[in-house]
Structure formats: structure tokens, C-alpha cells
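Colleague: Can we go through the salt bridges in this one? Keep it simple for me, please.
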Amino acid sequence: MAEEATAGEAAPSPLAAVMDLVAGVDPLVLALTVVVILALPAFLSWLGGVLGGGGGKRRRGKHAVLLVGPSGAGKTCMFHKLLRDEVPETLTSMKEAAEKLPSGKQLVDFPGHIRLRANLDAWIDQAAALVLVLDASNPRSGPREGAEFLFELLTDPRLEAGPPVLVACNKSDVVGAKAPEKIRLAVEREIEELRKTRAAKADVSGGAAADKLPLGRPGMKFKLEEDAPCEVRFVAASVAKGELGDVLEFVEAHAGSLDGQA
């Protein structure tokens, strides 16, 4: 009879079996196990982003390469040359334009007028990289205007550790145009002066802007290679001569497609 009663008993439920197993586990070990299980998906996602984010690949969630710079540097003409291999008559863009290259990569032309630069903030968050277009044929205003633009970019917290910046020294074909290395040195000198000016204003106002990155090392002259928070490279370019190989290579390496595919 005892054997019949034992055989007739219901099998323990899976939940009861788990509870019996857990009952014998140290509570601290159990709590740590639960934490690890819950945190594992987030850790794996982060690790995948770290391992897949280098080597010139575009940054996750960043699709556009922005063409920025002062008015008159040839930025909009460069935009049309890259897109359609044509140079239109003199153009001054008053509104940003986003189009795709023949490869499908996204390119954005942003107006250079100083009154419109505040709108750049909305595009920085979408930037996989930036091309700063300067006028290499104007050794006086070119580096100064470029330094002012670059200073604002490099002190933006969103550019810390990226996205990279390519400084395209346009009109390099013009007689008397400065080489990229000389323009880089001139830009560094101008940024150093801007640092001093901004520091003096901060002393008067009682502190630097909280939403800006500090730029450069105290007591040391500014050097882009050592002090810039992201990669900054200078190249020669000429829209008129169609010499935009370095610019196109940079855009293709960093931009994403409008459909979100690399």
C-alpha cells in the first residue's frame, strides 16, 4: 500500500524544484548572480560598440559629414562639385542642404554666415565628421576666420574624442595660396590669441563658460596635434581644378548612407 501511495504522488513542479535549489545558496552569491545576469546585455552592447568603433569607421548613430566654414571660402561650390561634378556660379548658401553622393553617403552643406551659425548645434549631434573649408588664397582673413570657427568646434563638448575634422584649404591652385602646413601654423597662432582673449574675459566675468571644453595646456602654446580633443588634419584642395581627392576620401570614410547603411 505504501508503494502505491508513493507512486500516486504528483511530481514536484519546476518552480518548487528551483526554490529548493535556491534555498541552499548563500544570499550574497544569489544577489551577485542576479546583478550579473541583468547587467550582461548592456555590457555586451557596450563592448560591441568599443570593438567596432575604431579604425576609421563612422560613429554609431552619426550619419552626416558636415561642410562648414566662413562665407566666401568656396564651401557651397565644393558641395556641388562633390555631388554632381560641376561648379555652379558663385553661390552663398542661406540654409543647410543635405543630399547624397553617388555612393549614397550623406553630405550636408551648412551656411557660413555668422548669423546662421547658431543653427549648427542641431547638426553637430548628427555629425560623423566635419570638413572645415578655408580660403588658402587669403593669408590674412583665411587663417583668422578658420581659427574662430575651429575654436568654437574644439571647445564643444560633443567633439571630445571625435568626430574628426578635415580642414580643406580651398583655392590652393591660386598664385600665392598658402600650403596646408603654413595655414595650420597660422591657425594655431590665431587660436592661441583667442585662448588669451577668452581667458581674460573669463577673469573679468568670474569664470569660463560651463558648457565649453577647456582648450590647450596652461602655460603652453597651443598645438593642434597635442591639444585638440579630436583629430584635425589639413589638406590642399581646389574646387576650380577638381582637386578634391583627399576631401572625397574623407567623406566616403566617415559618412553614412541616407538609408542608415554604411
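Modeller: First, the term: a salt bridge is a side-chain nitrogen of Lys or Arg within 4 Å of a carboxyl oxygen of Asp or Glu. This is a predicted model, where local features need pLDDT of at least 70, side-chain atom pairs count only at pLDDT 80 or more, and totals for chains, interfaces and linings use all residues. Residues are numbered from 1 along each chain as its sequence is written, and side-chain values use heavy atoms, with hydrogens and water left out.

Colleague: How many salt bridges does the rule give?
Modeller: The count is 12 salt bridges.

Colleague: What does Arg198 form a salt bridge with?
Modeller: Glu152, with the closest N and O atoms 3.2 Å apart. Arg198 sits in helix α7 (residues 180-205) and Glu152 in helix α6 (residues 141-154), so the pair ties together parts 46 residues apart in sequence. Helices here are DSSP runs (H or I, at least four residues), and strands are too (E, at least two), numbered from the N terminus.

Colleague: New topic. Which residue pairs with Asp109?
Modeller: Lys75, with the closest N and O atoms 3.4 Å apart. Asp109 is in strand β3 (residues 106-109) and Lys75 in helix α4 (residues 75-84), 34 residues apart. Both Asp109 and Lys75 are buried.

Colleague: And where do Arg184 and Glu188 lie?
Modeller: In helix α7, 4 residues apart, so about one helical turn separates them. Glu188 is buried, at 3%.

Methods:
Buried < 20%, exposed > 50% of the residue type's maximum accessible area, 1.4 Å probe, protein only.
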